[in-house]
Structure formats: structure tokens, C-alpha cells
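This report describes a protein model for someone who has not seen it before. Please look at the structure first, then read on.

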Amino acid sequence: MDPEIQKMREVVLVYLDRSGGLQKFVHDCKKYNDSKQSYAVYRFVISINPSDIAELDATLGNYILHNPLQAAQIFQSVCFVAIKTLSLIEQLQTEAQISILLKPTHLPPLPSYVLSLSTYPFNYTSQRFYMSEGIVIAMGTVTKYTQGARFLCTEESCPFSEGFRCIRVHCPGATESATVRTDFVCSLCSSPLQEDMKFRVLGDKQIVEMIDAKILNALKGYSIDKSYFRIQAFTLFLRDELANKMTIGNHYRIIGIPACVQNGLQATACIEVNSVQLYKPNGLSSVSDNFKYLLSLTSSSCWRFTAVLANIFASQVVPPGTYNTLKLAILLSLVQTSEKENADYLDLLIMTSDTLVIDRLLNYSLCLLPRGIRHPPSSDIFPSVSKDKHGTGSASIQACSAVLAKGGICYIGDLSSYKKDKLELLQSVLESRTTTVFIPGKKYGEEADQQVTVSVQTNFWSFVDVDSSSKKHIQKENFLIGQMDVSLIPVNLVDGFGLLIYNEFPSCHPSSPVVHHILKKAMNPEAMLYKASQQFRTQDYEEFILFARNLHAVLSSEAESLIQGYYLASRRVRRDSIHGSTLSASALKILISLAKAHAKLSLRETVLEEDAVIAILLLESSLTLKHGTSALCVAPNPVFPFDLSDENSLQQRDIYLIQCHHQLLKFIAAYSPGIHINTHEE
């Protein structure tokens with residue numbers, strides 16, 4: 001025996017003993033032994049730490065990293081000796097019956113161990129461990145594969161005609177026919193081999209498509225990054241305990257062995273995955289100095305910082321001071337994005353005749369998030385099912401814009417361009433934040449139909465062109481004061497969006513600053529037209545939003561009482577004898593989401609009454625557009641009633657918002673007298 005191999009076996013035994021792997025191995029053996037059933041293959045998963053092994057023996061560490069299949073054979077022989085010495089599995093007869101899967105905890109953080117899915121050439125011939133990361137864009141259903149099988153020689157006089165001498169075990173990249181087929185011959189006498197079917201061991205297999213995270217930049221529709229790159233989806237094989245460990249749309253870091261799978265005349269590069277880890281990007285610890293300075297300048301009021309922020313936001317696309325309400329709503333929606341379950345969502349629906357400018361503004365805002373997706377009209381918004389392309393015939397669930405935008409924004413464009421069935425599906429998703437994919441069993445080779453529920457964790461943005469929609473249908477005449485005609489879109493769908501914003505300025509002013517801005521940008525696209533663009537760059541806003549969205553805002557008792565009081569009062573006021581209250585139950589969630597978003601945008605973790613006031617004014621303005629004015633009777637543009645040109649205008653806005661707060665308290669006292677709210681004496 002090679003002395004180097006013998007030495008590595010000794011090191012393996014020492015490592016398993018020190019790491020606790022030997023104890024786990026004995027426990028796994030006990031399960032097999034207690035079953036009293038004889039298997040063709042006994043499979044063991046061994047977790048290994050490459051750093052610890054390299055410290056024990058550098059040769060073994062190098063062998064595991066660069067020759068994992070041969071290294072598994074060393075572990076196999078050690079495990080066989082341990083089983084026989086300690087009598088762990090009575091049914092085990094030969095070493096060939098042991099199948100070892102090495103599962104590294106990590107790989108050295110060196111470029112040679114990273115397999116990029118977007119670089120060329122792709123080294124799939126060296127069967128060693130690589131680390132890769134990407135986003136899951138398609139997932140197949142779980143099917144069965146052969147882990148191992150027992151073959152017997154058909155020549156009765158041959159020693160291989162009995163026992164467990166001919167064992168075939170699945171290896172990375174192998175197809176089913178490589179493990180089990182009818183043309184194998186005996187290595188001893190060359191007679192045909194025949195499988196003993198009762199000893200076949202089956203396992204779970206799932207095929208997953210993953211793609212480099214750079215694809216998100218391509219799906220934004222507009223990007224500051226002008227670099228060009230080629231991206232192709234990549235096939236992963238998840239087996240046994242790793243099946244269903246991935247979720248469609250999530251970002252993962254995987255360790256596996258690349259291989260090449262032959263499917264007819266086509267060869268597909270793939271990765272046999274050994275370990276899966278959810279990728280969690282590091283959050284930013286602070287914002288830029290300019291934002292810190294702005295925060296200190298506006299610290300005298302809880303309303304000023306966000307007002308200035310909205311006023312100067314997106315100055316690369318629209319002039320400062322225009323579209324302030326819309327820009328504030330966009331910023332609130334951006335910071336209210338999260339990949340957590342049961343997160344607070346904030347969807348936007350904009351009524352406008354300035355579709356070109358609004359589209360540019362939304363596109364620009366979209367790019368500030370890592371997961372901002374502009375939905376292409378040619379594809380599906382929600383998941384669809386297709387036949388797996390690897391020849392299995394099973395179903396594969398394909399990701400879509402809404403799933404890829406997980407924890408971000410899905411911008412779906414003009415809502416009036418979608419057909420009725422798509423709008424009904426969108427309404428269902430807005431209400432439940434899930435969508436169901438139906439898989440007909442007969443079509444995809446399954447015994448029964450399946451329904452797979454996919455979580456949709458994203459904010460939706462959309463707009464409706466007021467001019468085009470007015471031409472497509474006859475407008476109603478019996479409008480209430482302040483109400484807009486939104487009859488082109490189903491009422492329940494409009495209610496599904498958190499905020500409805502009507503943008504009438506500056507479409508009625510052809511000589512507005514927007515026109516000058518567009519003309520100047522057309523002549524010099526790279527020009528910085530305003531001082532705000534130089535002081536607060538796009539990168540600064542990206543960092544600011546990434547920091548603010550990770551803050552955990554908590555409602556104060558005062559803010560909670562104000563929101564609850566307004567909600568109950570509005571339900572009483574906005575009511576008719578036929579339909580009951582026009583204020584939906586989801587309005588309370590929207591109010592809380594808006595208030596939390598305003599606190600986070602103010603870089604606070606406590607939601608104050610001032611945040612609740614802004615939330616209520618935005619929602620009341622939205623409700624007025626949908627259902628007409630109420631007894632609260634807010635102004636058409638309640639959050640920004642006049643232009644913000646200097647400190648004096650900010651002071652006037654503060655006075656106006658304080659008056660709105662007092663008016664709100666009177667409204668609650670009149671229509672929801674049971675709610676106790678602390679009022680501050682001036």
C-alpha cells in the first residue's frame with residue numbers, strides 16, 4: 001500500500017475523532033443497523049473543514065480540495081474499517097457498498113476557487129470543489145434518481161454471481177444511464193451483469209437553474225453602469241438532503257463540483273452541489289457626510305429632513321422642487337423594502353399625463369436598489385411552468401419579474417396595457433403576497449396534480465396614462481368632490497395599491513422647469529444642471545437607501561393612537577348604506593407602513609406622531625382621489641402645499657402641518673370619540 005495514502009487514512013481518523021464526525025458517523029450507522037434491512041449502498045454525509053484538515057496534514061487538505069472524488073475513497077476505506085472493527089452495521093459486506101459525500105464548510109477565499117457564472121472560459125473539466133453564487137431563476141419538481149444498485153454476474157460459476165461485489169454508485173455529473181443500464185459486463189469473466197432490483201437505492205433529485213447576480217443590472221431597464229457582459233443560466237443538481245433547500249428568487253452561495261452532462265447530442269455544463277448557503281449582503285453602517293450635515297441642519301423639525309430630501313431627489317432626471325409628493329412617495333417605498341417574511345409593503349399607482357417624465361423618474365429610482373426590476377412586457381410578471389429541458393420530462397417553475405425583484409421593486413409600467421386576467425392575478429398577489437402555480441400531473445409525468453405556492457416579497461410600481469385612458473371609455477358624470485375617474489382599472493385593484501398619486505403638475509404648464517431640464521439634458525446628457533446633483537450624487541442616495549431600509553422602526557404609543565383614531569373615524573365617515581365603509585381593512589397596514597417608512601427615511605427607529613401625520617395626509621389624499629373628499633377635507637396637495645425655496649418656506653410648511661395635526665385631532669374627537677389621544681397644549 002502507498003505509504004502516503006496510509007498516512008492520509010490515519011489523518012482522516014484523527015480528524016473525524018477531533019471534529020465530532022466519528023460520533024455522528026456511529027450515530028448514522030446505528031440507524032442503518034437498527035433497520036435490519038440490507039442495502040446495496042450505505043450513504044454517509046461527512047462535513048469537513050478544509051482549514052482544520054490542512055493544519056493536521058497539508059497533503060490531505062490539498063487532496064480534498066483538488067481531488068475530492070479520490071479523497072472520498074480514502075474516507076470510504078476508513079469508514080469501512082471502522083464499521084467492521086466496531087461491528088456498527090451487521091448487514092454490510094464490502095467496502096464498495098459505502099458511499100461518501102464530502103461536504104466542505106467553506107473554501108479558501110482565493111480567486112482560483114471561485115467559479116464565476118459570467119466569465120469565460122468555464123472550467124468544468126477539473127472535477128474539484130468550486131464556490132459560486134447567483135440567483136435561482138428556475139426550479140424543477142423533486143424526482144427520484146438511483147443512488148446505488150447491486151449487479152450480479154449471469155454466469156453462475158463466477159464469484160461475482162453472488163454477494164455485493166458489483167456495486168454501481170452515482171458520481172457527480174453522471175446521468176441515470178451511467179449508474180443503471182443493461183449492457184454492463186462482469187470485470188472478471190466478461191459475462192453480462194444483471195441488476196438485482198430489490199436492492200436498488202433511490203434518492204431525491206432536484207434540478208435548479210441559477211444565474212449570476214449581474215443579471216439584475218440588465219433587468220433594470222436603465223443603468224448607470226455602461227459595462228457589457230454575457231450572462232447565461234447554469235444548471236445545479238440538488239440531491240437528497242439538499243432537495244428543496246433553495247427558494248426561487250433567492251441569492252445563494254454554493255460549493256460543488258462542476259461536471260458535463262450528456263443529453264443526446266447536447267452537452268450541458270452543470271454543478272453537483274455539496275453545500276448551500278443563503279447569501280446575505282453586508283448592510284451599510286452609515287450614510288454620507290452630506291446627508292449627516294443636512295440632517296443636523298434640519299434637526300429643529302421632524303418634517304424638514306424628508307421634505308428637503310424629496311425636494312432635491314432625482315435632480316439628474318427632474319428639476320428640484322417638481323413632483324415633490326411623488327418623489328417623497330418613491331423614497332418611502334424604496335426604504336420600505338425587505339426580504340423578511342411578513343414585511344411592510346408600499347405599492348404605488350400614479351395617475352398622470354406626463355408618462356415620459358414619470359417613466360424616467362421611476363426608472364431612475366429603480367436603479368437605486370440592488371433588486372429593482374423593470375418588467376419587460378414580453379415576459380410574465382408571475383411564475384410560469386414549462387417542461388424541464390434536461391430530458392427528465394418533469395415540470396420546471398420559471399422565475400419572473402416579481403420573484404426576481406424579491407426585497408426590492410417591480411416596476412410594471414402602464415397598468416392600462418394589461419389584459420383583465422393579468423390584472424386579476426395582480427390584484428390577488430397584492431392582497432395575499434403569494435401566487436399559486438398549478439402543475440398538471442398528466443402533462444408532466446406525475447400521478448397527481450400539484451399546486452406550488454410562491455411568495456412574492458416586492459413593492460409594485462405602476463402608472464395609468466390619464467389622457468389615453470380617457471379616450472378608451474366614457475367617463476362617469478356623478479363624481480364626488482376631489483374624486484378622479486379611475487374606472488378603467490378595477491376598483492379592487494386600485495385599492496390593492498397602497499397609494500394612488502395624481503400628478504397633474506407640470507403637464508398643464510408647457511413652460512415649466514421640466515421642459516428646460518429636458519432640453520438641456522438632450523443637448524448635454526452628462527451635465528450636472530443643479531448644485532444638488534453635485535452634493536448628493538446617485539451613489540450617495542444608493543448608500544442612504546440601503547442604510548435606511550435596514551433600520552427597524554417601532555411605533556410609539558402616540559403614533560399608534562393617532563393612526564388608530566384616524567382609521568376608526570375614517571371608517572365611520574367613509575360609509576354608504578349600500579356598500580358599507582369604502583375604507584378597506586388593508587388601509588391600517590398601509591398607514592403603519594407609511595409611518596414606519598417616514599421614520600426610516602428620517603433615519604429614526606421610533607415612529608413619532610409627526611410620521612403618523614405625514615402617513616395620514618398621504619393616505620387621505622389617495623382616498624380622496626378614489627372615493628372623493630371626506631369630513632377631514634385635506635388640500636389637493638396636503639404634504640407639499642407650496643414650493644420649498646428657502647428656510648422660510650420650510651417654516652411655513654411646519655406651521656401648516658401643525659395645523660393639519662390639530663385638525664386631525666378634532667376630526668378623531670368628533671368621529672371616533674372612544675379613542676383617547678394626548679394633545680399637546682401650545
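In what order do the five strands of the open sheet lie, and is their pairing parallel or antiparallel? The order is β12-β15-β18-β11-β19, and the strands pair in the parallel sense. At the edges are β12 (372–374) and β19 (499–503), each of which pairs on one side only. From one strand to the next, the twist averages 20°. The model is a predicted one.

Inside this sheet, β15 (residues 409–414) and β18 (residues 459–465) are joined in parallel over four bridges. Tyr 411 has Trp 461 in β18 as its bridge partner.

| Helix pair | Angle | Axes apart |
|---|---|---|
| α1 (residues 3–19) and α5 (residues 68–86) | about 70° | 9 Å |
| α10 (residues 324–335) and α11 (residues 355–366) | about 30° | 11 Å |

With helices α1 and α5 packed at an angle of about 70°, α1 is therefore roughly perpendicular to α5. Their crossing is right-handed. On the α1 side the contact is made by Ile 5, Met 8, Arg 9, Val 12, Leu 13 and Leu 16, and on the α5 side by Ile 74, Phe 75, Ser 77 and Val 78. By class, eight residues of this contact are nonpolar, one is polar and one is charged.

For helices α10 and α11, the packing angle is about 30°, so α10 is roughly parallel to α11. The crossing of α10 and α11 is right-handed. Leu 326, Lys 327, Ile 330 and Leu 334 of α10 meet Ile 358, Leu 361, Leu 362 and Ser 365 of α11. The contact of α10 with α11 counts six nonpolar residues, one polar and one charged.

How many aromatic pairs does the structure hold? There are 17 aromatic pairs. One of them is formed by Phe 291 and Phe 536, with 4.9 Å from centre to centre and 45° between the planes, and it is classed as tilted. This pair connects distant parts of the chain, since its two residues are 245 residues apart. Phe 291 belongs to helix α8 (residues 289–297), whereas Phe 536 is in the loop between α17 (531–535) and α18 (538–549).

Note on methods: Residues are numbered from 1 along each chain as its sequence is written. This is a predicted model: local features need pLDDT of at least 70, side-chain atom pairs count only at pLDDT 80 or more; totals for chains, interfaces and linings use all residues. Side-chain values use heavy atoms; hydrogens and water are left out. Two strands pair if DSSP finds at least two bridges between them. Axes are lines fitted to C-alpha atoms, for helices over the stretch in contact, and angles run from 0 to 180 degrees between N-to-C directions. Angles under 35 degrees count as roughly parallel, over 145 as roughly antiparallel, 65 to 115 as roughly perpendicular and the rest as oblique. A crossing is left-handed if the near helix is turned anticlockwise from the far one by less than a right angle, and right-handed if clockwise. Contact means heavy atoms within 4.5 Å. Ala, Val, Leu, Ile, Met, Phe, Trp, Tyr, Cys and Pro count as nonpolar, Asp, Glu, Lys and Arg as charged, and the others, Gly among them, as polar. Rings of Phe, Tyr and Trp (its six-membered ring) pair if their centres lie within 6.5 Å; planes under 30 degrees apart count as stacked, over 60 as edge-to-face and the rest as tilted.
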